[in-house]
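Thanks for coming, everyone. Please have a look at the sequence and the structure before we start.

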Amino acid sequence: VLRVGGVRDVEPPQILHRACDAFADEPGRFATVVIMLADPRTGRLSWVNAGHPAPIQFTAGSGRWSVLESAGGPVLGIIPEGQFPRSAGRLGRGDALVLYTDGVIEARGHDLSRGLDRLLGHAERLITTGFAGGARRLCADAQAGDSDDRAVVVIWRD
């Protein structure tokens, strides 16, 4: 478990820099991280990414899912002085956001794009069945099955 002390009132890029410092004392260890800030009143999103899979977003207006490409930073523990640029977006009414670990899209012997495509296909079903319980369902449908850790967070703005 990596503990980064004193993160209250610290901006997300600085949290990742502190985490990098913590990894400096533990050679061979690494982690991917995404920190997402969401304002439920306005729908504004802000995030930093350290080698983590890009979030996906459902836009109710177009009825489509898309990958939120962002200016990501390096995996924690690999480059000690990495840069972690902030990305921004917005969740409109009816939009949803999915954050997930690599275990949801990875499978031995398969390209990550195949796993991402599979995740997007399963996320498509959430549109008709509802987003409630969606994280559990997306984890259950993970490309790797039970062979890797899996975590999913679904945020829906009604």
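Is R41 buried or exposed? R41 is exposed, with a relative accessible area of 64%. Exposed means over 50%, buried under 20%, and partly exposed in between, with a 1.4 Å probe and protein chains only.

A word on the source. This is a predicted model, where local features need pLDDT of at least 70, side-chain atom pairs count only at pLDDT 80 or more, and totals for chains, interfaces and linings use all residues. Residues are numbered from 1 along each chain as its sequence is written, and side-chain values use heavy atoms, leaving out hydrogens and water.

Back to R41. Its side chain meets that of D39 in a salt bridge, at 3.3 Å from N to O. The term needs a side-chain nitrogen of Lys or Arg within 4 Å of a carboxyl oxygen of Asp or Glu. D39 is partly exposed, at 22% relative accessible area. A search of the whole structure finds one salt bridge.

Now the aromatics. There are four aromatic pairs. Rings of Phe, Tyr and Trp (its six-membered ring) pair if their centres lie within 6.5 Å; planes under 30 degrees apart are stacked, over 60 edge-to-face, the rest tilted. F58 and W65 have ring centres 5.5 Å apart and planes at 50°, so this pair is tilted. Both F58 and W65 are buried.

F58 also pairs with F131: centres 6.0 Å apart, planes at 50°, so tilted again. F58 sits in strand 3 (residues 56-59) and F131 in the loop between helix 2 (112-129) and helix 3 (134-140), so the pair ties together parts 73 residues apart in sequence. Helices (H or I, at least four residues) and strands (E, at least two) are DSSP runs, numbered from the N terminus. F131 is buried, as is F58. Together, F58, W65, F131 and W156 form one aromatic cluster.

Next, the cores. A nonpolar core is a set of buried Ala, Val, Leu, Ile, Met, Phe, Trp, Tyr and Cys residues joined through side-chain atoms within 4.5 Å. Which members of the largest core touch the most others? Among its 17 residues, they are I56, W65, Y100 and L119. Strand 3, strand 6 (96-100), helix 2 and helix 3 each supply at least two residues. Helix 2 gives the most, with four. Apart from this core lies another, of ten residues, including L16 and I35.

Last stop: F30. F30 is exposed, with a relative accessible area of 56%. Look for F30 in the loop between helix 1 (12-23) and strand 1 (33-38).
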